[in-house]
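This report covers a helix contact, a pocket and a salt bridge. Please look at the sequence and the model before reading on.

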Amino acid sequence: MSVYTRSILILNAMITEVFREKSPLSNKDSFILFERIKSSFTFPIHVHDVWELNFVEHASGARRIVGDSDEIVGAKDLVLITNTELKHAWMNGDCRSNEIHEITIQFSPTLFSSPAFQKNQFNSIMKMLARAEHGLVFETEEINRVLPILRMIPTERGFYSVMKFFILLYELSQTKDARILSKSTLQEYTENDYQMKKILEYPSKNLSTSITIDELAQYMGYEPVYPFPFPEKEHQPQFYRLPAGIPD
């Protein structure tokens, strides 16, 4: 497959649907934890079949997208998402750090389905998990308060790691300052997303032929001098005459 063909297919996938991540969490485990030091955010906007608590530090200026929320993060960011259909991602934005530190904890929605978690002692945790269907962000003061517990979880094994995770959730459930991020809990697409999808459909259906900007404009129903009705800040696509028969 040629580089051009792959590029068209990838771009089309990015517009037609949010990337659906498959978590490596095993059915036999309570949760899975990832800890990374990296220089940039590269994962696309996505959803997955697990719930997630994500901590990021040393990433001031980065963008955080959760549902219809789009915000710039500070030095520390902690978000809980308990909705398998709520799209989210952290993106580079204006972040220039080469030492972004990220801790991600993914856990199954069924983890808290046991009748034991309906007892009074778990009431605050269950209420927090319900609110987090819209994405829940915690203030810096609260992050600093629970950070020692979060940092301990990767050092623990087995039963004790699960207990530390439950303690972390309980401590987070005690805060009064957690803020809901997304008004909607579903994937939403704008008119511009659908227009871009249509633009990408044409070259993806004509990979073996040359395509001109005039042909693309006619396909979209616009005059060749102005084929793309997008606000300049949102989309700035560039199209060139592409030769047919690009070798794989």
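In this predicted model, the axes of helix H2 (residues 123-131) and helix H4 (residues 159-173) come within 8 Å and cross at roughly 75 degrees. Angles of 65 to 115 degrees count as roughly perpendicular, so H2 and H4 are roughly perpendicular to each other. On the H2 side, the contact is made by Ser124, Ile125 and Met128. H4 contributes Phe166, Leu169, Tyr170, Leu172 and Ser173. Sorted by class, the residues in the contact of H2 with H4 are six nonpolar and two polar, with no charged residues.

The second largest pocket holds about 270 Å³ of space. Its lining consists of 17 residues, and Arg36, Phe43, His46, Glu102 and Thr104 lie nearest the centre of the pocket.

By class, the lining of the second largest pocket has six nonpolar, six polar and five charged residues.

The last topic is charge pairing. Side chains of opposite charge can pair when their charged atoms come close. With a cut-off of 4 Å between side-chain nitrogen and carboxyl oxygen, the count comes to 12 salt bridges. Arg20 belongs to strand S1 (residues 19-21), whereas Glu85 sits in the loop between strand S7 (76-81) and S8, so the pair ties together parts that are 65 residues apart in sequence.

Definitions and conventions:
Residues are numbered from 1 along each chain as its sequence is written. This is a predicted model: local features need pLDDT of at least 70, side-chain atom pairs count only at pLDDT 80 or more; totals for chains, interfaces and linings use all residues. Side-chain values use heavy atoms; hydrogens and water are left out. Axes are lines fitted to C-alpha atoms, for helices over the stretch in contact, and angles run from 0 to 180 degrees between N-to-C directions. Helices (H or I, at least four residues) and strands (E, at least two) are DSSP runs, numbered from the N terminus. Angles under 35 degrees count as roughly parallel, over 145 as roughly antiparallel, 65 to 115 as roughly perpendicular and the rest as oblique. Contact means heavy atoms within 4.5 Å. Ala, Val, Leu, Ile, Met, Phe, Trp, Tyr, Cys and Pro count as nonpolar, Asp, Glu, Lys and Arg as charged, and the others, Gly among them, as polar. On a 1 Å grid over the protein atoms alone, a cavity is a set of points where a 1.4 Å probe fits but cannot get out, and a pocket is an open set with protein on both sides within 12 Å along at least five of seven lines; lining residues have an atom within 4 Å of a point. Grid points are joined across faces, edges and corners, and a volume is the space filled by probe spheres set on the points.
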